[in-house]
Amino acid sequence: MLEGTIGVVGLGLMGASFALGVRRVAPGVRIVGFEKRQEVRERALRDGAVNEALPEPGVSLSGCRLAVLCTIEDLLEPVSRLLPDGAILTDVGGAKERVVRLSRERVRPGVAFVGAHPMFGGQGGYEGASAEKWMGGTVAVCTDGPAEAVEAVAALHASLGARVQRCTAAEHDAAVAMVSHLPYLVASALSGAAREAGPLAMSLAGPGLRDMTRLAAFPFDIQGEVARRNLHLPEAASRLERHLKALLAAIGESPEAARSALEAARAAREELF
């Protein structure tokens, strides 16, 4: 896929990082960026992230065999209608079932849609973009689309240095509900509970609480809206509730039970990371 012209719709953190990553591994590829903010367009051109920068998707997409949607899903239909037959449209959003379902309704025949989710976001907009952001990270590529297009998108992310994990959209959302969206909600709830505990608790809060609540710092539009759309969140929350109740029961039972339960949790954490 790293040939010809690629369209990148949205030059925020992920769109700009993708463009810079492509530029790093395939400097001969022509990249057309679409971004409403004039100052970002000007900077992307100045930095060499894109060859052309336009305020909205237009006829330049007709020469793109691949387009990456790094903004709202409302653009699925208009972007697909501008792409040529045989093109692939993909995205970088954090909830996949909804966008895959909408793609079946909105992406025009002749264009293949493949959902994808780089599991390494962050904050900072264009200013935080990096050509190395894909290197060493994991990208989920949804297998709900046409097989040939799925493999092309998987190869694209692998070429940028990412490890590719193939899964269906439903499998993706169930997994990230537990490991991404629920942690965001837990961090948010813990932040509110800690503040509610009063001035003394707030004055004694240290690095542990700061680490535990880091995700609560994400703006709603980055993480909250994505989490809101994940229908698997209630199930994930129920699983967490069962584990928390079991830990509290073990702590109340005996030192031996507490040690066993918490050591098992520590082992689980080491297995995760």
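Tutor: Rings of Phe, Tyr and Trp (its six-membered ring) pair if their centres lie within 6.5 Å; planes under 30 degrees apart count as stacked, over 60 as edge-to-face and the rest as tilted. The structure holds two aromatic pairs. The model is predicted, so local features need pLDDT of at least 70 and side-chain atom pairs count only at pLDDT 80 or more, while totals for chains, interfaces and linings use all residues. Residues are numbered from 1 along each chain as its sequence is written, and side-chain values use heavy atoms, with hydrogens and water left out.

Student: Why is the pair of F18 and W134 called edge-to-face?

Tutor: The ring centres of F18 and W134 are 5.8 Å apart and the planes stand at 65°, so the pair is edge-to-face.

Student: What makes F120 and W134 a pair, and of which kind?

Tutor: Their centres lie 5.1 Å apart with planes at 80°, so this pair is edge-to-face. F18, F120 and W134 form one aromatic cluster.

Student: How do you know whether C64 is buried or exposed?

Tutor: Buried means under 20% relative accessible area, exposed over 50%, and partly exposed in between (1.4 Å probe, protein chains only). C64 has a relative accessible area of 0%, so C64 is buried. C142, at 1% relative accessibility, is therefore buried.

Student: Why is C142 in no disulfide?

Tutor: A disulfide is a pair of cysteine sulfur atoms within 2.5 Å. For C142, the nearest cysteine sulfur, that of C167, is 5.1 Å away, so C142 is in no disulfide.
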